[in-house]
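Please open the structure in a viewer and keep the selection tool at hand.

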Amino acid sequence: MSKHSPGKLLALAAALATSLLAACGDDSTAGRSDVPDAALVAQGKEIFRNDTFGDESQWTDALRMHEVISAAVDPVTALSVGLKVDSEALPAEVVQGIQDGSISLTSPATTVALLKLNAVVGVRGTVENISGKDTLTRVGITCALCHSTVDDSFAPGIGKRLDGWPNRSLNPGAIIALSPALTADQKAVYNSWGPGMYDPRFNFDGVNGPQVISPAYGLEGIHRITATGDGEDIAYWNRYVGVTQMGGHGSFIEPRTGVSVVNGSDDLISSKLPALQAYQLTLEAPPPPPGSFDAAAAMRGKALFDGVARCASCHSGPEFTDANLRLHSPDEVASEPEPNGVPSYASRSATKMYRTAPLKGVWQHPPYFHNGSAATLDEVVQAYNTRHALGLGADEMADLVQYLKSL
Ligand code: HEC
Ligand code: HEC
């Protein structure tokens with residue numbers, strides 16, 4: 001024993017821990033990659049922020065969004081539909097110009113200038129000089145459009161990037177509805193979604209049942225992806241969205257839903273999925289801001305969560321989900337039936353079931369449930385109290401809310 005260096009002992013302990021973890025198969029910590037490959041993660045960050053996978057075919061050639069942006073989308077309009085500006089991409093003279101008003105925020109040419117600087121989060125533009133004028137010739141979108149926001153440190157909507165935070169002020173439907181290539185009926189559906197909502201299945205089944213844009217953080221160790229647990233790892237859904245929603249070049253085939261899409265004759269997505277996933281797995285749920293909850297009430301709330309309120313029977317383990325063990329039928333969830341008589345979202349999915357939502361960082365992303373039917377955590381707890389007939393009093397419900405805010 002004495003011959004063993006501390007380093008060797010640590011390695012031995014790590015190997016032992018790994019084999020123990022592997023032995024407990026469905027444990028929610030299985031599959032944790034404790035030492036992410038830094039180069040792969042850096043590559044994934046670049047892809048997450050900047051890669052369009054060739055989806056200009058959809059956003060430029062089919063939807064002609066480059067024409068709309070050049071003609072009518074000034075920065076004020078862009079910010080009003082929830083687009084975000086990355087302040088770190090702005091050179092000092094642009095910052096100065098915005099501050100002193102010499103750069104117009106009501107001119108579409110400024111939007112084109114921001115796109116040229118790659119300063120509009122999740123939107124990639126190709127700007128070419130045509131007859132002495134900067135002209136937007138191609139536009140595409142990246143994952144960051146829906147799954148990043150900014151910290152507003154410069155101005156509302158302008159600041160440093162927060163990757164993985166869902167952009168709940170983004171109105172993807174209103175943006176898509178600007179396309180001149182759509183029919184009036186299609187535009188009406190897109191315009192009905194509202195901020196923070198997007199329906200990733202509407203283009204297949206024609207049902208108008210938008211989903212809240214999910215956080216893309218806090219997914220390490222969770223092997224059921226999306227609200228309905230369609231995939232076992234993030235890459236499954238990344239391929240789905242990249243190909244079938246963003247319009248990236250590549251293929252997605254899913255016999256369970258009959259979705260089968262091949263875009264382009266090249267594949268600009270498959271080789272990027274490992275890096276993209278590696279980056280996403282490093283994105284942690286943000287801790288609650290200091291002073292944002294009452295610690296004593298949260299302690300009482302935890303006792304209810306683990307006890308009489310029975311929350312922990314589903315929201316179990318370090319990520320507060322039993323996702324790796326089971327999914328739940330629509331009649332078990334507090335968010336069904338869907339609002340407005342829309343068919344169950346589960347019925348439109350590959351599993352026909354729901355995944356228990358992980359709860360770390362839940363303070364950060366109202367509204368709640370897959371359909372956004374609870375505006376606040378108070379409404380979530382009220383929904384459970386009614387649907388699960390918990391019989392909690394007002395003080396107990398308030399304590400439970402404080403506990404949720406502390407996660
Ligand atoms: C137009 C908006 C939009 C874009 C762009 C988008 N997503 Fe999403 N994303 C959504 C919505 C809406 C959901 C919720 C779908 C559901 O739960 O069924 C989602 C869900 C997810 C999830 C599941 C999270 C969880 O809790 O399991 C991941 C991971 C994800 N997206 C990653 C990505 C990546 C990576 C990209 C780029 C390839 C991307 N998304 C592009 C809107 C978008
Ligand atoms: C039968 C299993 C089950 C029980 C019991 C349960 N939940 Fe859930 N919970 C779920 C599922 C499944 C979802 C996802 C539903 C959806 O997306 O519509 C969810 C979603 C949530 C959400 C929304 C998360 C988000 O990202 O929008 C919160 C908050 C929550 N539950 C808190 C609680 C609390 C508090 C209790 C106890 C009062 C509780 N849950 C009891 C299964 C359960």
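Leaving aside neighbours within four places in sequence, with which residues is Val120 in contact? Select Val120 in this predicted model: beyond those sequence neighbours, Val120 is in contact with Ala78, Leu83, Val85, Leu114 and Leu115.

**The nonpolar cores**

Val120 belongs to the largest nonpolar core, which has 57 residues; Leu115, Val120 and Val123 touch the most other members. Helix α13, residues 273–282, gives the most to this core, with 5 residues. Please select next Ala309, Val380, Val381 and Met397, which are included in a second, separate core of 18 residues. In soluble globular proteins, nonpolar side chains tend to be buried together.

**Helix α13**

Return to α13 and display its side chains. This helix is mostly covered, as 7 of its 10 residues are buried. The buried ones are Ala275, Leu276, Gln277, Ala278, Tyr279, Gln280 and Leu281.

Select ligand 1 together with the 25 residues around it; Cys143, Cys146, Tyr198, Thr226 and Ala227 come nearest. Two helices, α8 (144–147) and α12 (234–245), each supply at least two residues of this shell. By class, the shell around ligand 1 has 17 nonpolar and 8 polar residues, and no charged residues.

**The surroundings of ligand 2**

Move to ligand 2, which 24 residues surround. The closest are Cys311, Cys314, Ser335, Tyr368 and His370. Colour α15 (377–387) and α16 (394–405), each of which supplies at least two residues of the shell around ligand 2. The largest share of that shell, 3 residues, comes from α15. By class, the shell around ligand 2 has 16 nonpolar, 6 polar and 2 charged residues.

**A stop in strand β2**

Select Thr126, which is placed in strand β2, residues 123–130. Is Thr126 buried or partly exposed? Thr126 has 15 C-beta neighbours inside 10 Å, and therefore counts as partly exposed; a buried residue would need 20 or more. Not counting residues up to four places away in sequence, Thr126 touches Thr137 and Arg138. Then select Val150, 24 residues from Thr126 along the chain: the C-alpha atoms of Thr126 and Val150 are separated by 23 Å.

**The whole protein**

Finally, clear the selection and view the entire model. The protein contains 16 helices and 10 strands. Its radius of gyration is 23 Å, close to the 22 Å that the globule rule gives for 407 residues, so the protein is as compact as a globular protein of that length. Along its principal axes the C-alpha trace spans about 70 × 65 × 50 Å. Buried residues make up 41% of the 407 residues. Among contacts between residues at least 6 apart in sequence, 67% join residues at least 24 apart.

Colour the model by pLDDT as a last step. The protein averages a pLDDT of 92, and 92% of the residues score at least 70. Over residues 1–31, however, the pLDDT is below 50; beyond near neighbours in sequence, this stretch has 18 contacts in the model.

Notes:
Residues are numbered from 1 along each chain as its sequence is written. Chains are lettered from A and ligands numbered from 1 in the order in which they are written. This is a predicted model: local features need pLDDT of at least 70, side-chain atom pairs count only at pLDDT 80 or more; totals for chains, interfaces and linings use all residues. A residue is near a molecule or strand if its C-beta atom, placed from the backbone, lies within 6 Å of it. Helices (H or I, at least four residues) and strands (E, at least two) are DSSP runs, numbered from the N terminus. Ala, Val, Leu, Ile, Met, Phe, Trp, Tyr, Cys and Pro count as nonpolar, Asp, Glu, Lys and Arg as charged, and the others, Gly among them, as polar. A residue is buried if 20 or more other C-beta atoms lie within 10 Å of its own, exposed if 12 or fewer, and partly exposed in between; C-beta atoms are placed from the backbone. Two residues are in contact if their C-beta atoms, placed from the backbone, lie within 7 Å. A nonpolar core is a set of buried Ala, Val, Leu, Ile, Met, Phe, Trp, Tyr and Cys residues joined through C-beta atoms within 7 Å. The radius of gyration is taken over C-alpha atoms; the globule rule is 2.2 Å times the number of residues to the power 0.38. pLDDT is the predictor's confidence in each residue, from 0 to 100.
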